[in-house]
Structures are given as C-alpha cells and as structure tokens.
Amino acid sequence: MPLNLAVAASICSLFCSLFAIVSAEDPYRFFNWNVTYGDIYPLGVRQRGILINWQFPGPDIHSVTNDNLIINVFNSLDEPFLLSWNGIQNRRNSFEDGVYGTTCPIPPGKNFTYILQVKDQIGSFYYFPSLAFHKAAGGFGGIRILSRPRIPVPFPDPAGDYTVLIGDWYKSNHTDLRAHLDKGKKLPLPDGILINGRGSGAAFNVEQGKTYRLRISNVGLQNSLNFRIQNHKMKLVEVEGTHTLQTTYSSLDVHVGQSYSVLVTADQPARDYYIVVSSRFTSTVLTTTGILHYSNSAGPVSGPIPGGPTVQIDWSLNQARSIRSNLTASGPRPNPQGSYHYGLINTTKTIRLSSSAGQVNGKQRYAINSVSFIPADTPLKLADYFKIGGVFRIGSISDNPTGGGIYQDTAVMGADYRAFIEIVFQNDEDIIQSYHLNGYQFWVVGMDGGQWTSASRNQYNLRDAVARVTVQVYPKSWSAIYIALDNVGMWNLRSESWARQYLGQQFYLRVYTASTSLRDEYPIPKNARLCGKFNVALLIYARSVYKWNLKLTPARGLILFY
Ligand SMILES: *[C@@H]1O[C@H](CO)[C@@H](O)[C@H](O)[C@H]1NC(C)=O
Ligand SMILES: *[C@@H]1O[C@H](CO)[C@@H](O)[C@H](O)[C@H]1NC(C)=O
Ligand SMILES: *[C@@H]1O[C@H](CO)[C@@H](O)[C@H](O)[C@H]1NC(C)=O
Ligand SMILES: *[C@@H]1O[C@H](CO)[C@@H](O)[C@H](O)[C@H]1NC(C)=O
Ligand SMILES: *[C@@H]1O[C@H](CO)[C@@H](O)[C@H](O)[C@H]1NC(C)=O
C-alpha cells in the first residue's frame with residue numbers, strides 16, 4: 001500500500017503536533033454517559049426509548065464560553081451509535097462532529113470520548129443521535145453555553161433557566177420507522193407532540209413577580225411548532241448564539257432543529273396556566289399542553305386552551321423578519337455583535353440549493369440539486385485526512401440546481417477556506433423546510449415567497465440580520481444566508497426534517513486548506529475510532545514507516561494511539 005508524500009505530511013502533522021490540541025488554560029467539564037434502551041411512556045403506551053444515564057430526554061450540558069467538554073459516551077445499544085451537537089461549532093475539529101461523514105460510529109458495547117470546545121460561543125442548542133433514525137427514540141438533550149463572568153449579558157439574570165425540548169413524536173419505535181423508510185415509504189403524520197419527553201402535563205415552576213428564561217428547542221422529526229403560554233407574553237432574547245432585539249411575542253414559531261431563548265415574567269394572578277405547543281402547516285393540527293405553575297397557585301389550569309396560528313405562512317414569515325440582532329449587545333466576546341459588518345463584505349461565491357422529492361429504484365428519496373446522499377463506508381473526513389481514495393469525489397454535487405432527475409452519490413461540495421459566500425435555499429416544494437449547517441453560524445439575510453433572482457438581493461438585511469445555525473425555508477419560497485468560511489473541516493449541510501435527511505437530503509461542505517498548521521485545523525484526535533477503508537493494514541504500514549506506537553485493544557475495539 002503506497003503512501004505518498006501527502007500522506008506523510010498529514011501523518012507528520014498528526015504526531016508532530018500532539019500537544020496543544022485543546023487550550024489548557026480553559027476549564028474542563030467531564031461527562032460520563034451510558035446510552036441504553038429503556039421503557040418510556042410519553043404518549044401513554046410503552047415504547048423502547050433511548051436513554052442517556054437513564055434519562056429521557058438526556059441530561060443538559062451546562063457550559064461557559066471556551067470550556068472544554070470531555071464527554072465519554074458508552075454505547076449500550078445493540079446498534080452503532082453517534083451523538084452530534086446542533087450548534088457546537090467544533091472549530092478546527094470536525095472530527096468530533098459525530099455524523100457519518102466525520103466520525104466512525106461507536107460499536108455496540110464500546111465507547112468514544114468526544115473532546116469538544118465551545119470556543120467563542122454562547123447560546124442555547126441541543127445534542128441528538130445522528131445515525132439510523134435513533135432520534136425518533138430519544139437520546140437528545142439541551143446544551144447551554146453561558147457568557148463568561150465579565151462579559152455583559154443584555155438582560156438581568158433570570159430567577160430560573162429552563163430547557164424546553166419540544167418535538168413531534170411517533171408511538172412506533174425507531175426500528176419500525178426506519179424499516180418503513182428503508183422499504184421506500186413516506187412516514188405518516190406523527191402521533192403527538194412532547195414537551196421535555198411528556199405528551200402532557202410537563203410542569204415549569206415559577207414564583208409570582210419573577211422572570212424566567214426558557215430555552216426552547218424543536219428536537220422533533222419534521223413539524224414546525226408554535227409555542228405560547230396562556231395570558232403571558234414572551235420576550236425573545238437569544239437565537240442560536242445571537243442576542244436579539246428584545247421583542248415581545250404572544251406566540252413563537254419554532255421550526256424543526258431551531259432554538260430560541262425567551263424571558264417570561266410571572267406577572268399574572270397566581271394560578272396555573274397552559275403552555276401550548278401545536279403543529280404548523282398541517283391539515284390536522286396536533287396540540288399538546290404543559291403547565292406554568294405559580295408557587296402560590298390558587299388553582300389548576302382553566303379556561304380555553306389559547307389558540308395559535310395554524311396554516312398561515314405570512315404570519316410566520318413576518319415574525320421571522322422581525323427577529324434581529326441587537327448590534328450593541330455583546331456576544332461571546334466583550335465587543336458588540338454589530339462590530340463585525342457582515343453586510344459590507346463582498347461575497348465571492350453564490351451557491352444555490354434546491355430540494356426535490358422522488359423515486360429512485362422504486363423507493364422514496366430526497367435530494368439537493370438532484371443528488372440524494374448515500375453515506376460511504378469510511379467517514380469522509382478521515383478519507384480526506386489520510387488521502388484514502390475511492391471514498392468520495394469533490395464536486396459530486398453541483399453548486400447550482402441542475403434540473404435533472406434524482407440520483408444517488410456521496411455528495412461533497414468543495415469550498416475555499418476564508419471565502420465569504422452566499423447560499424440561497426430555493427424551495428419549490430409545497431412543504432416547509434429547515435436546513436442546518438454544522439461548524440458555523442450564518443447570517444439569515446433574506447427570505448421571501450417565489451423564485452430567488454439576483455434582484456432579490458435588493459431586499460436583503462445587510463445590517464442587523466440574526467446569525468444562527470438553522471434556517472427555515474417556507475413553501476414555494478427562498479431563504480438566503482451569508483457565511484464566512486473560517487472553519488476548516490468536512491461539514492454536514494442537511495435538512496432537519498429527519499426522514500428527508502435519512503433518505504438523502506444532505507451533503508458535506510469541504511472547507512479545505514493545504515496548510516497543516518494547528519492554527520487552521522487540529523490533527524485527528526488520539527482516540528479516534530477506525531472503520532471502513534481506514535483500516536488495520538494502513539495503520540500497520542504507517543507504523544512500520546513512521547514508528548507509530550499502535551495499540552490494538554480487542555476489548556475496546558481498534559483505537560488509534562500515537
Ligand atoms: C450501562 O448500563 C447498562 C445497563 O444498565 C449496564 O449493563 C452497563 O454496565 C452500563 N455501562 C456503563 C459503562 O456504566
Ligand atoms: C419495535 O417494535 C416492533 C413491533 O412493532 C418490535 O418487533 C421491535 O422489536 C421493536 N424494536 C425495538 C428496538 O424495540
Ligand atoms: C473509553 O473509556 C475509557 C474510560 O473508561 C477511556 O479511558 C477511553 O479513552 C475511552 N475510549 C475512547 C475511544 O474514547
Ligand atoms: C440591546 O442591548 C443593550 C445592551 O448592550 C441593551 O441595553 C438594550 O436594551 C438592548 N436593546 C434591545 C432593543 O433589546
Ligand atoms: C465590494 O465590491 C465593490 C464593487 O463591486 C467595491 O467598490 C468595494 O470596494 C468592495 N468592498 C470590499 C470590502 O472589498
């Protein structure tokens with residue numbers, strides 16, 4: 001097996017630079033997580049859920065900007081497993097991203113320690129299982145990144161801070177749902193909606209007169225959800241890492257994959273109030289309720305459940321446009337969020353992405369620019385790092401819609417490190433869509449109905465658009481984002497509609513530099529698991545040439561040590 005000079009270079013970068021992989025001066029937080037099956041009854045029937053340390057939803061991750069998070073995940077399921085991190089950017093370190101394209105799955109009975117750093121980040125996010133439709137069984141939980149003590153936060157410390165995970169839910173387990181998709185069928189409507197793992201009655205305790213922060217994330221599989229609280233207003237303060245203009249809403253649309261922080265003041269007569277979550281843009285509206293419970297409550301919830309928007313698209317579009325950055329507020333650093341003038345930077349490239357649905361070989365598939373993604377046997381990032389050929393082709397997806405029929409490929413789009421680009425999501429389908437890009441926050445500069453044209457740029461918000469990680473695209477509409485490609489790696493761009501991403505509506509954006517400097521990208525982590533073409537033969541050869549100290553540990557699977 002010939003290893004060329006490029007391989008030598010990458011292997012050198014691997015063991016010549018073992019040190020300083022995480023910044024030692026920043027605090028460490030350690031987590032030991034056991035992932036198991038367990039019985040859950042969210043909609044009243046027994047289901048086999050995926051638990052983390054026997055919890056459903058899983059435990060929250062609490063952290064502060066720049067913390068190192070060392071998360072040792074033991075897979076006690078009977079299937080390969082990976083967790084991924086919606087919103088954690090894994091700067092210079094896409095190896096830790098925990099998706100098919102970056103990280104070898106953790107085999108049943110084995111473990112893997114994620115080494116994450118929440119570098120230069122604040123905000124509310126969540127983690128979730130990324131493989132094999134596991135997300136339909138649980139395994140998700142909240143992530144919060146607080147500001148460092150001396151960085152001002154643009155609102156007073158709340159009396160309490162609650163994670164509110166909302167999402168649609170099926171009574172069928174994930175293996176049945178997956179089998180359904182594997183047979184090439186579409187999923188039926190979900191059976192209900194959960195709030196923090198409960199189909200009804202999830203309670204949040206408040207004291208009259210005090211103000212609370214609610215971090216609401218839609219961890220569901222497909223539905224946009226409307227969130228509201230009877231007789232209470234919500235002040236929006238943060239969206240996926242950006243402090244927003246503090247606008248007050250009586251209900252809020254949370255599209256699948258998105259996170260919002262609101263402040264709620266318990267300023268009503270002391271009793272219990274309905275928290276309501278209902279599905280948007282569905283012919284049958286699914287609704288669930290929780291309870292806002294005053295500590296001095298004089299009685300249970302009463303009165304009609306407050307109604308909310310159902311199929312109205314303009315209502316949602318107008319609300320989305322009203323969400324702006326507070327330019328004078330600090331973000332993760334003490335300087336104001338508005339000190340980076342994204343609107344004055346010229347974009348060097350426009351990528352236009354259009355989704356489609358159709359059949360391939362008699363089975364339902366979903367595609368972006370006609371390519372329906374199929375995973376390779378080897379994580380794309382490892383293949384790239386070790387220059388293993390035959391795994392993927394850069395340019396296997398076009399950066400503009402081709403209009404052709406759907407075909408399958410391991411889609412990877414190349415992009416230049418440090419470029420400043422525009423991505424336009426065109427949605428010609430009649431359902432709402434939601435897209436997430438790992439590794440980045442991006443500015444949502446515009447969205448509107450119809451076809452995007454270059455004239456659409458005239459209506460962009462180039463001043464105070466919100467920077468976030470997941471953007472919705474309304475039916476027969478477009479959304480446009482700006483991104484500074486300052487994070488080298490192999491980054492998953494996917495539909496957050498889980499059946500769609502499972503059946504191909506995703507690809508990888510390869511942000512590449514020839515540099516092997518640690519300033520640009522970290523080497524592969526020491527404990528990386530191996531799989532696919534990244535195999536023993538390659539390692540044994542590398543060991544003989546490069547005098548690696550390779551350790552085969554049968555009890556824990558094959559792990560790279562150097
Ligand atoms: C995880 O939980 C399972 C089931 O209770 C148990 O058998 C296993 O030993 C646990 N693993 C770890 C690493 O704690
Ligand atoms: C899912 O449910 C089916 C019955 O519908 C059952 O045969 C299967 O074992 C279940 N899978 C899991 C993982 O519980
Ligand atoms: C598995 O867990 C052990 C501690 O129990 C740890 O030493 C080891 O590094 C972990 N393995 C990986 C691949 O992270
Ligand atoms: C914006 O942030 C500043 C703190 O820099 C705060 O004083 C102000 O109230 C915020 N404005 C709005 C409209 O949210
Ligand atoms: C952007 O491009 C315009 C002309 O197309 C030019 O005048 C301007 O200086 C450029 N701005 C920057 C920041 O490069």
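Is N369 buried or exposed? N369 is buried, with a relative accessible area of 2%; buried means under 20% relative accessible area, exposed over 50%, and partly exposed in between (1.4 Å probe, protein chains only). The residue is found in the loop between strand 22 (363-368) and strand 23 (371-373). Strands (E, at least two residues) and helices (H or I, at least four) are DSSP runs numbered from the N terminus.

This is a predicted model, in which local features need pLDDT of at least 70 and side-chain atom pairs count only at pLDDT 80 or more, while totals for chains, interfaces and linings use all residues. Residues are numbered from 1 along each chain as its sequence is written, chains are lettered from A and ligands numbered from 1 in the order in which they are written, and side-chain values use heavy atoms, with hydrogens and water left out.

**Ligands**

Ligand 1 has N34, T36, W54, F74 and S76 around it, where a residue is near a molecule if one of its heavy atoms lies within 4 Å of it. By class, this shell has two nonpolar, three polar and no charged residues. In this scheme Ala, Val, Leu, Ile, Met, Phe, Trp, Tyr, Cys and Pro count as nonpolar, Asp, Glu, Lys and Arg as charged, and the others, Gly among them, as polar. The shell around ligand 2 consists of R48, N173, T175 and D176, and it divides into no nonpolar, two polar and two charged residues.

The table gives polar contacts, which are pairs of N or O atoms within 3.5 Å; within protein, one must be able to donate a hydrogen and the other to accept it, and residues adjacent in sequence count only if both atoms are side-chain atoms.

| Side chain | Ligand atom | Distance |
|---|---|---|
| N34 | oxygen of ligand 1 | 2.3 Å |
| N173 | oxygen of ligand 2 | 2.3 Å |
| T175 | nitrogen of ligand 2 | 2.9 Å |
| D176 | oxygen of ligand 2 | 2.6 Å |

Of the 370 Å² of accessible area that ligand 2 has on its own, the protein covers 49%. Ligand 1 taken alone exposes 360 Å², and the protein buries 40% of that. Accessible areas come from the Shrake-Rupley method with a 1.4 Å probe; for residues, only the protein chains shown count as cover.

**Loop residues**

W54, one of the residues around ligand 1, lies in the loop between strand 2 and strand 3. W54 is not a glycine, yet has a positive phi of about 65°, and at 61% relative accessibility it counts as exposed. P57 is placed in the loop between strand 2 (47-52) and strand 3 (61-64), and the peptide bond from F56 to P57 is cis, with omega near -10°.

**Disulfide**

One disulfide is found in a search of the whole structure; the criterion is a pair of cysteine sulfur atoms within 2.5 Å. C104 is joined to C531, with S to S at 2.2 Å. This pair links distant parts of the chain, 427 residues apart: C104 is in the loop between strand 5 (83-86) and strand 6 (111-117), and C531 in the loop between strand 34 (506-512) and helix 6 (536-546). The link is left-handed, with -85° about the S-S bond, and both C104 and C531 are buried.

Six strands form an open sheet in the order 24-26-34-33-28-31, with mixed pairing; two strands pair if DSSP finds at least two bridges between them. Strand 24 (393-394) and strand 31 (470-473) are the edge strands, each pairing on one side only. Strand 31 pairs with strand 28 (residues 433-437) in the antiparallel sense over four bridges, and Q433 stands opposite V473 in strand 31.
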